[in-house]
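Visitor: I'm new to this. Could you show me how to read a structure like this one?

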Amino acid sequence: VQLQASGGGLVQAGGSLRLSCTASGSIFSINGIGWYRQAPGKQRELVATITRGGSTTYADSVKGRFTISRDNAKDTVNLQMDSLKPEDTAVYYCRAEIIYSGTYYPREHWGQGTLVTVSS
């Protein structure tokens, strides 16, 4: 099972980016899935998560600017980032709780990370 993230890049402050993360492999289902980020010299922090049923959680710093969504049929999660600020600069990681085919318990998986750079 793999998580493949994409969509990072360089954008000016006030701009937008859309991150996507797709899970592949022998997947039965995915429970919670979401995005975390790690800025240089800082700890990794939660950005946004979404349950299989669609309930969302956002970090206070991104509320009203970022929107997380998922497509259960495609095992994909997206993060629409608007009104980006320089302080949003970080490596963004996808994380998912995946239940493998033929098993019952979720396992934690992390994607490889995608760099988002917001210039002032």
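Guide: We'll go through a sheet, a core and a single residue. This is a predicted model, where local features need pLDDT of at least 70, side-chain atom pairs count only at pLDDT 80 or more, and totals for chains, interfaces and linings use all residues. Residues are numbered from 1 along each chain as its sequence is written, and side-chain values use heavy atoms, with hydrogens and water left out.

Visitor: In what order do the strands of the open sheet come?

Guide: Strands are DSSP runs of E, at least two residues, numbered from the N terminus, and two of them pair if DSSP finds at least two bridges between them. Here 4 strands line up as β1-β3-β8-β7, with antiparallel pairing. At the edges sit β1 (2–6) and β7 (66–71), each pairing on one side only.

Visitor: How many bridges join β1 and β3?

Guide: β1 and β3 (residues 17–24) share 5 bridges. Look for Ala-5, whose bridge partner in β3 is Cys-21.

Visitor: Which residues touch the most other members of the largest nonpolar core?

Guide: Such a core is a set of buried Ala, Val, Leu, Ile, Met, Phe, Trp, Tyr and Cys residues joined through side-chain atoms within 4.5 Å. Among its 32 residues, those are Trp-35, Leu-79, Met-81 and Tyr-92. β9 gives the largest share, 6 residues.

Visitor: Is Ser-29 buried or exposed?

Guide: Buried means under 20% relative accessible area, exposed over 50%, partly exposed in between (1.4 Å probe, protein chains only). Ser-29, in strand β4, counts as buried because its relative accessibility is 11%. Leaving aside neighbours within four places in sequence, Ser-29 is in contact (heavy atoms within 4.5 Å) with Arg-52, Glu-97, Ile-98 and Ile-99.
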